[in-house]
Amino acid sequence: MSRPATDLTELIKRVIPSQTKQYNGFPCLEWTGKFTPRGYAKVSYNNKTCQVSRLVASLYLGLDLNNPRYIVCHHCDNPKCIEHRHLFVGTHRMNTQDAVAKGRLVPFRKRARIIQGSRMGEEK
């Protein structure tokens, strides 16, 4: 079991610049430690498992770690990335809108029409 990160220098040791992924001219800084099942960087902090992007957002973007309403979103769409210039604080709704705008998620209404249309076509 890995020991908890005690300071930023310990966290920095677990990051490498990406050779292929970047956003606005800055390479993704990819976590090399442990990950959540969904692929997000995680670390033990204050005796709790915490997403590293949330810690970075609290340091650089003013995220309140105790407010679950706000999440950390990635401009670069790379869950391993913890580069603060690639992160923004938002809500689940904002994250969903971002995913739809980038074509990573089909809106529910459109998905329902697609499913309904395929069912109608099968019945012919």
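Predicted model: local features only at pLDDT ≥ 70, side-chain atom pairs only at ≥ 80, totals over all residues.
**Thr 91.** I started with Thr 91 and looked up its accessibility: at 15% relative accessibility, it counts as buried, because the cut-off for that is under 20%. Next I checked where Thr 91 is, and found it in the loop that links strand E7 (87-90) to helix H3 (92-101). Then I asked what it touches, skipping neighbours within four places in sequence, and got Arg 69, Tyr 70 and Ile 71.

**Leu 59.** Buried or exposed, I wondered about Leu 59? Exposed, with a relative accessible area of 52%, since the cut-off is over 50%. I placed Leu 59 in helix H2, which covers residues 52-60. I also see Leu 59 forming a nonpolar surface patch with Tyr 60 and Leu 61, and together they have about 310 Å² of accessible area.

**E3 and E4.** Over to the strands. I have E3 (residues 34-35) pairing with E4 (residues 41-45) over two bridges, in the antiparallel sense. Across from Lys 34 I found Lys 42 in E4. The hairpin of E3 and E4 has five residues between the strands, and I noted Gly 39 there with a positive phi near 90°.

**E4 and E5.** How many bridges join E4 to E5? I get four, with E5 at residues 48-51 and the two strands running antiparallel. Ser 44 sits opposite Thr 49 in E5. I make this a hairpin too, with two residues between E4 and E5. In that turn I picked out Asn 46, which has a positive phi of about 55°.

Technical notes. Residues numbered from 1 in each chain as written. Heavy atoms only, no water. Pairing = 2+ DSSP bridges. Patch = residues over 30% accessible without salt bridge, like charges linked within 9 Å, V, L, I, M, F, W, Y side chains within 5 Å. Areas by Shrake-Rupley, 256 points an atom, 1.4 Å probe, with all protein chains shown as cover. Salt bridge = Lys/Arg side-chain N within 4 Å of Asp/Glu carboxyl O. Buried < 20%, exposed > 50% of the residue type's maximum accessible area, 1.4 Å probe, protein only. Contact = heavy atoms within 4.5 Å.
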